[in-house]
Amino acid sequence: MEIKRHFAFAAEKHPELVHYLNMTFAPWKRGEIVSSLDIKESDFRWPTIAAYLKLHDIPSYATPVFTKEELSSAPWLRVRSNWHFSYPQPEEGFGYKTTTYDPQNYCNGCGSGLLQTAPFRMKSAPKWGRRHFLSLNWVFDELFTDDAGKAALEAVEGLSFLEVLKKKGTDHFPGVHQLVISHLLPPGLLPNEQTIRKISICPKCGTAKHVTIGAGMLRFRSGIFDGAPDIVKTAEVFGDGHMSCRDILVRQKVYRLLVDAKLDGGLVFEPVELIEKS
């Protein structure tokens with residue numbers, strides 16, 4: 001596993017940094033307002049860049065990068081989409097929270113407690129191209145797939161599918177399917193300083209939300225997976241502010257199925273560590 005760092009900066013305000021990046025041929029991206037760079041911590045340039053970022057209070061964000069061997073040997077993996085397509089409808093005034101969900105237990109302090117009771121709605125159909133999975137902005141713990149993804153996952157235990165409606169809710173989009181994950185794991189996350197930056201307790205509803213660092217594998221008690229189906233959600237809630245979501249976890253065979261069929265476009269997998277606890 002390696003750690004990749006992402007940071008953004010205003011080039012005109014940091015000429016020393018720009019000079020160093022150009023001098024060392026770093027592949028940074030210049031933007032009209034904000035420029036950025038993705039760099040691995042093993043890169044020879046990172047110590048110098050990290051010192052500059054710390055001096056000028058520029059945050060960087062860590063993402064673990066795993067080898068094929070690490071991914072292929074993990075019994076369970078986190079999965080998320082790196083394609084965030086559009087917004088759930090109606091988005092005006094966050095109307096989807098009452099159209100798609102039962103808001104009875106919704107907490108406006110931390111954003112948790114919504115229970116899905118109706119199909120999601122989208123403004124337009126995605127143009128899948130080589131990607132087969134997406135998530136919607138604001139809703140990062142639900143995945144959507146095309147016909148090929150649905151056909152491949154039909155036999156996966158713990159999974160069903162729901163059609164996605166057009167904005168008015170009177171018709172559905174052909175070839176767009178929500179993955180409905182029915183199984184919620186028992187609590188079993190084992191936070192440590194490499195994975196969880198903080199745990200905040202909502203003063204209104206008492207929900208504990210975990211803010212991840214992104215620099216290591218999440219650890220879980222292995223026993224919580226006993227008897228679990230092939231795809232599950234965590235009991236633990238993740239996110240900061242009003243963002244509130246659960247992690248989606250899949251067995252190795254689901255990862256292997258999608259990768260071998262070249263249907264993993266739009267997905268990011270990360271192994272999780274299983275810890276034996278008495």
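**View 1. Strand 13 pairs with strand 15.** Strand 13 (residues 208-212) and strand 15 (residues 231-238) run parallel and share two bridges. Two strands count as paired if DSSP finds at least two bridges between them. Helices (H or I, at least four residues) and strands (E, at least two) are DSSP runs, numbered from the N terminus. Lys-209 stands opposite Val-237 of strand 15. The model is predicted: local features need pLDDT of at least 70, side-chain atom pairs count only at pLDDT 80 or more, and totals for chains, interfaces and linings use all residues. Residues are numbered from 1 along each chain as its sequence is written, and side-chain values use heavy atoms, with hydrogens and water left out.

View 2. Contact means heavy atoms within 4.5 Å. Axes are lines fitted to C-alpha atoms, for helices over the stretch in contact, and angles run from 0 to 180 degrees between N-to-C directions.

**View 3. Strand 16 has antiparallel partners in strand 4 and strand 15.** Four bridges link strand 16 to strand 4; five link strand 16 to strand 15. Leu-77 has Val-250 of strand 16 as its bridge partner. Val-237 is bridged to Arg-246 of strand 16. The hairpin of strand 15 and strand 16 has six residues between the strands, and there Gly-239 takes a positive phi near 130°. Five of the seven residues of strand 16 are buried, so this strand is largely enclosed by the rest of the structure. Buried means under 20% relative accessible area, exposed over 50%, partly exposed in between (1.4 Å probe, protein chains only).

**View 4. Helix 2 (residues 46-55) has a buried side.** Trp-46, Ile-49, Tyr-52 and Leu-53 are buried. They span an arc of only 130° around the axis, which puts them on the same side of helix 2. The arc is that of the directions from the helix axis to the C-beta atoms. The buried residues pack against strand 1 (2-9), helix 1 (15-23), strand 2 (35-40) and strand 3 (60-65). On the face turned away sit the exposed residues Pro-47, Lys-54 and Leu-55. Asp-57 follows helix 2 and has a positive phi, near 55°.

**View 5. Helix 1 meets helix 2.** Their axes come within 11 Å and cross at roughly 170°. That makes the two helices roughly antiparallel (angles under 35 degrees count as roughly parallel, over 145 as roughly antiparallel, 65 to 115 as roughly perpendicular and the rest as oblique). Glu-16, Leu-17, Tyr-20 and Leu-21 of helix 1 meet Thr-48, Ile-49 and Tyr-52 of helix 2. By class, this contact has five nonpolar, one polar and one charged residues. Ala, Val, Leu, Ile, Met, Phe, Trp, Tyr, Cys and Pro count as nonpolar, Asp, Glu, Lys and Arg as charged, and the others, Gly among them, as polar.

View 6. The order is 7-10-11-9-8, with mixed pairing. Strand 7 (121-122) and strand 8 (133-136) stand at the edges with a single partner strand each, so one side of each has no neighbour in the sheet. Strand 10 (residues 159-166) and strand 11 (residues 172-181) pair antiparallel over six bridges. Glu-163 has its bridge partner, His-177, in strand 11.
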